[in-house]
Amino acid sequence: MKVSFLYLTIFSAILSLANGAMKFKRRRPQRDDTLQAPDDETFRVNVRLSRKEINSGIVVTSIEYQLKDPSGTLGDWQSGSIQAPQGTRRNFRSSLTVSFPSSSAAGQWQWRVKATDSNTTVKTSAWYALNVESSGNNNTIPIEEATNAIMVLIQANNNRLRPKFVRLGFHDCLGGCDGCIDLTNPDNNGLEEPIDALAEVVTAYAREGGLTRADIWAMAAMLAAEDAQPRNRGVSYDFEWYGRATCSAIDGKGGPDRLMPSPDFTTSGLLHFFSSEFGFSARETVAIMGAHSIGTLTQENSGFHGPNGWTNNNNILNNRYYSELIGGDRNGEPTTDLTVLLNAPNWNVVEIDNVNNPNVDPAIPNRFQWNKGPNGGPADPPIMTNSDMALARDFESNPNHFNYQTGQVTCRFRSQAPNGCPHATATWDHMVEFKFDDASFLSTFRDVFMKVLHHGIAGVEDNVNSCVNPPCLIPS
């Protein structure tokens with residue numbers, strides 16, 4: 001989907017500030033004129049002071065413009081240029097160039113002007129209507145071109161970049177998507193690779209008023225997640241919003257330090273984080289954690305040793321992640337039998353020594369992770385962090401089961417009380433749902449991941465087709 005832009009140079013009106021009364025005379029366009037986007041239409045505003053005011057040294061200090069879109073959404077006041085009068089003239093001339101997407105501009109707009117003089121007198125004009133029709137020429141926003149370029153990257157790297165793009169999109173949108181990653185934060189270790197991979201796409205297609213770096217990172221995350229699904233039952237990810245704010249770091253390596261989710265969350269801590277950051281319910285939190293069905297963990301970057309990732313098939317985004325933690329046959333009939341559901345593959349806690357490993361970031365402490373299978377089993381088994389395990393097991397109800405300082409869990413995965421970890425009641429039913437219903441997981445994951453990638457965009461929940469100021473919704 002592509003979008004073109006209508007560039008309006010605003011002129012054509014006379015504002016008179018004589019004797020404290022405002023008179024507004026518009027010359028062109030006439031009231032309720034119709035503009036054909038993306039054709040240019042011009043406006044000019046003159047603010048006229050009285051001779052007495054001119055002789056007293058009063059000047060116009062600012063002239064601002066405001067637009068109201070067809071939905072009634074007010075744009076920000078925008079300052080126009082000011083040209084002082086020459087000779088005996090009394091008109092302060094002003095103009096302003098405004099751009100907005102023609103495809104979302106169709107309908108009746110309104111505009112007005114506000115003038116302030118050196119005595120801080122403020123005068124605001126009435127609203128005037130302006131009809132805008134879209135020509136349907138949507139060739140400016142290079143959605144298709146950027147999409148194709150990203151897919152070339154994914155396929156050229158044997159799908160290695162898919163989980164990295166998904167992770168980049170998630171980390172970028174913590175605190176609001178802004179196209180910047182603080183690489184001094186060890187939780188962002190490893191993200192330099194996807195940033196560098198997408199740099200050529202950003203250079204080619206990011207433009208002021210169009211796609212931003214944050215857009216391209218979000219687009220890459222969507223495409224990677226969609227492409228990682230099973231071929232016969234995936235759901236589509238639609239790129240619908242563009243113009244995400246982008247921070248000032250030129251290459252995206254920098255920006256504010258964001259609060260990251262801990263790998264050592266308990267169940268309540270995990271739910272609290274995602275509720276506070278994204279407004280997620282328990283079900284949505286369980287779904288977003290399913291992103292761990294793809295990707296791997298390197299000790300150098302994270303302090304966890306998981307070269308084979310969280311599941312036995314870490315290239316496919318599906319519900320296998322839940323089958324590692326919930327018992328029963330994922331391809332069989334669903335069950336509510338707690339005994340069966342608790343009989344998942346066994347997991348055991350092991351400590352990873354990072355402090356004495358010179359290849360690990362010194363800021364990373366020793367880690368406790370859960371390895372699948374018995375201790376002393378096959379090398380490099382699938383692993384889980386405490387935050388993953390907290391979806392299925394409760395190790396906080398008994399204060400002796402969890403060390404909040406080190407992350408060590410002392411209860412056992414499949415043992416009965418008092419040594420066993422109870423099941424996590426707050427998330428259990430959702431874990432069971434996704435374990436037995438891959439279609440439900442894929443559609444729910446898509447919906448919650450899109451919430452992540454829209455984090456910080458006003459109007460997304462209401463699907464408001466407005467673009468007084470970006471980000472902008474691309475209409476279907």
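## Accessibility and Ala 439

Buried means under 20% relative accessible area, exposed means over 50%, and partly exposed lies in between (1.4 Å probe, protein chains only). Ala 439 has 46% relative accessibility, so Ala 439 counts as partly exposed. Ala 439 is found in helix H13 (residues 438-453). Helices (H or I, at least four residues) and strands (E, at least two) are DSSP runs, numbered from the N terminus. Arg 233 is 206 residues from Ala 439 along the chain, yet their C-alpha atoms are separated by 7.1 Å.

## The model

This is a predicted model: local features need pLDDT of at least 70, side-chain atom pairs count only at pLDDT 80 or more, and totals for chains, interfaces and linings use all residues. Residues are numbered from 1 along each chain as its sequence is written, and side-chain values use heavy atoms, with hydrogens and water left out.

## Helices H3 and H5

H3 (residues 161-173) packs with H5 (residues 213-227) at an angle of about 135°, and their axes are 8 Å apart. That makes H3 oblique to H5. Angles under 35 degrees count as roughly parallel, over 145 as roughly antiparallel, 65 to 115 as roughly perpendicular, and the rest as oblique. Axes are lines fitted to C-alpha atoms, for helices over the stretch in contact, and angles run from 0 to 180 degrees between N-to-C directions.

Contact means heavy atoms within 4.5 Å. On H3, the residues in contact include Arg 162, Phe 165 and Asp 172. On H5, Trp 217, Ala 221 and Asp 227 are among them.

## Disulfides

A disulfide is a covalent bond between the sulfur atoms of two cysteines. Here the criterion is a pair of cysteine sulfur atoms within 2.5 Å. The whole structure holds 3 disulfides. Cys 173 pairs with Cys 177, with sulfur atoms 2.0 Å apart. Their link is right-handed, with 110° about the S-S bond. Cys 173 is buried at 1% relative accessibility. Cys 177 is also buried, at 7%.

Cys 180 is joined to Cys 247, S to S 1.5 Å. This link of Cys 180 and Cys 247 is left-handed, at -80° about the S-S bond. Cys 180 lies in the loop between H3 and helix H4 (192-205), and Cys 247 in the loop between strand E14 (241-242) and helix H6 (267-278), so the pair ties together parts 67 residues apart in sequence. Cys 411 and Cys 421 form a disulfide with sulfur atoms 1.9 Å apart. Both Cys 411 and Cys 421 are buried.
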